[in-house]
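These are my notebook entries on a structure that I had not examined before. I set down what I looked up, topic by topic.

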Amino acid sequence: WLRPEYYQRDGQPRQQCILVEAENVRSRAGIIDVSTLGKINICGPQAADFLERIYTGRFRKQQIGTLRYGIACDETGVIIEDGIVARLAENHFYVSATSSGVGSFYRQLQRWALQFAMQVTLSNVTGQLAAFNLAGPAARELLQPLTELDLSASSFPYLGVRQAGILGVPATLLRVGFVGELGYEIHLPVNQAQPVWRHLMEQGAGAGLQPFGIEAQRLLRLEKGHLIVGHDTDALTNPLEADLSWALADSKPFYVGSRSLQIIRQRPLERQLVGLRFPKHHQGPWPEECHLLYDGDRVIGRITSVSSRSTLGGGIAMGFVHPDLAIPETAL
């Protein structure tokens with residue numbers, strides 16, 4: 001995939017352009033192309049039971065018209081995917097996956113469906129649907145004139161999913177905020193997406209709507225404290241290390257990786273993912289991603305994400321540290 005890293009503005013340096021985009025999302029509204037997200041339909045009379053086995057959370061009693069965050073592990077308890085799980089109908093779920101991981105994850109889903117001998121139909125519609133995220137305080141007022149759907153907070157709350165027309169184009173709208181702002185993910189047929197994008201840009205120009213690139217999105221989610229699977233996790237990371245134990249339904253009799261996680265729980269953790277902030281007066285040098293953290297001569301962790309500038313007024317990062325140091329306000 002080729003995606004805009006950032007949008008060049010008036011000869012400004014790269015980091016300044018990224019920060020301006022992030023600040024615009026925080027203060028007004030921004031729009032980003034997220035068509036690369038994996039998109040998979042899971043249908044059939046055993047769709048909910050299948051998801052219960054694949055993801056660590058609960059989905060059998062999930063209400064139609066709602067979505068949940070889900071993480072999936074392999075048999076060893078290592079995180080392999082995360083995304084949203086939206087219930088469109090009793091026997092129809094629409095799930096998202098990471099851009100780089102959807103191909104592998106879809107093959108795993110096919111394998112598990114055969115292995116479990118379950119009545120489900122899987123379809124990978126990643127290339128058939130475009131998607132973009134409209135986010136920021138002005139997002140609702142910009143989107144409302146384009147649809148007959150009531151976008152009020154009472155009618156379309158956070159973690160809701162609705163199917164409606166946007167400028168007459170059939171679309172699936174997800175009330176979800178990867179960047180931490182009021183936001184809508186709009187999924188629609190790829191051959192009809194560009195006119196909708198252009199109309200939104202024209203309508204929103206007066207309200208300050210601007211496109212933002214993937215680097216601003218990475219910064220915004222870092223400020224929110226949201227990890228990226230495959231970036232803030234590696235091929236050995238389990239949910240307990242990634243501070244995702246809240247997403248584990250321990251009362252479930254089984255899900256892929258659950259037996260391994262039961263064993264892992266009995267052992268002391270060796271690392272934990274935390275948020276890091278630099279003193280506001282810090283001018284560098286700045287660590288880069290994968291740089292090691294030391295306590296004297298002892299390696300205590302590593303940086304997974306970092307930005308020298310943020311809308312919070314200073315540099316921030318995310319990284320793994322020894323659990324003894326994963327206490328708020330600990331100096332590293």
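The entries below go from salt bridges to helix packing, single residues, backbone geometry and the surface.

**Entry 1. The model**

I noted at the outset that this is a predicted model.

**Entry 2. Salt bridges**

I asked how many salt bridges there are. The count comes to 19 salt bridges.

I then looked up glutamate 52. Its side chain meets that of arginine 58 in a salt bridge, at 3.4 Å from N to O. Glutamate 52 also forms a salt bridge with arginine 60, where the closest N and O atoms are 3.8 Å apart.

Arginine 87 was my next case. I recorded a salt bridge from arginine 87 to glutamate 90, with 3.5 Å between the closest N and O atoms. Arginine 87 is buried, because its relative accessible area is 3%.

I also looked for linked salt bridges. A network of them joins Glu5, Arg14, Glu215, Arg218 and Glu289.

**Entry 3. Cysteines**

How many disulfides does the structure hold? I found zero disulfides. A disulfide is a covalent bond between the sulfur atoms of two cysteines. Cysteine 73 has a relative accessible area of 0%, so cysteine 73 is buried. Cysteine 290, at 53% relative accessibility, counts as exposed.

**Entry 4. Helix α7**

I asked which residues of α7 are buried. They include Ser258, Ser260, Leu261 and Ile264. These residues cover an arc of only 155 degrees around the axis, and therefore lie on the same side of α7. An α-helix has 3.6 residues a turn, so residues three or four places apart point the same way. I then looked for what the buried residues of α7 face, and found that they pack against β3, residues 67-73.

**Entry 5. Histidine 226**

I located histidine 226 in the loop between α6 (214-224) and α7 (258-265). Its relative accessibility is 19%, so histidine 226 counts as buried, the cut-off being under 20%. Which residues does histidine 226 touch, not counting residues up to four places away in sequence? I listed Tyr69, Asp82, Phe178, Arg221, Asp232 and Met318.

**Entry 6. Glycine 165**

Glycine 165 has its place in strand β8, residues 161-166. I recorded a relative accessible area of 33%, so glycine 165 is partly exposed. Leaving aside neighbours within four places in sequence, I found glycine 165 in contact with Leu146, Thr147, Glu148 and Pro170. I also looked up how glycine 165 is placed relative to isoleucine 40. The two are 125 residues apart in sequence and 21 Å apart in space, from C-alpha to C-alpha.

**Entry 7. Backbone geometry**

I looked up the peptide bond from glycine 284 to proline 285 and found that it is cis, with omega near 0 degrees. Proline 285 lies in the loop between β12 (272-277) and β13.

I then turned to positive phi values. Leucine 159 is not a glycine, yet has a positive phi of about 70 degrees. I placed leucine 159 in the loop between α4 (139-143) and β8. Leucine 159 is partly exposed, because its relative accessible area is 34%.

Aspartate 243, also a residue other than glycine, has a positive phi near 60 degrees. I found aspartate 243 in the loop between α6 and α7. At 45% relative accessibility, aspartate 243 counts as partly exposed.

**Entry 8. A surface patch**

Which residues make the nonpolar surface patch of about 300 Å²? I identified Leu292, Tyr294 and Val299. Tyrosine 294 lies in strand β13, residues 292-295. Its relative accessible area is 49%, so tyrosine 294 is partly exposed; exposed would require over 50%.

Definitions and conventions: Residues numbered from 1 in each chain as written. Predicted model: local features only at pLDDT ≥ 70, side-chain atom pairs only at ≥ 80, totals over all residues. Heavy atoms only, no water. Patch = residues over 30% accessible without salt bridge, like charges linked within 9 Å, V, L, I, M, F, W, Y side chains within 5 Å. Areas by Shrake-Rupley, 256 points an atom, 1.4 Å probe, with all protein chains shown as cover. Salt bridge = Lys/Arg side-chain N within 4 Å of Asp/Glu carboxyl O. Helix = DSSP H or I, 4+ residues; strand = E, 2+ residues; numbered from the N terminus. Buried < 20%, exposed > 50% of the residue type's maximum accessible area, 1.4 Å probe, protein only. Disulfide = S-S within 2.5 Å. Contact = heavy atoms within 4.5 Å. Arc of directions from axis to C-beta.
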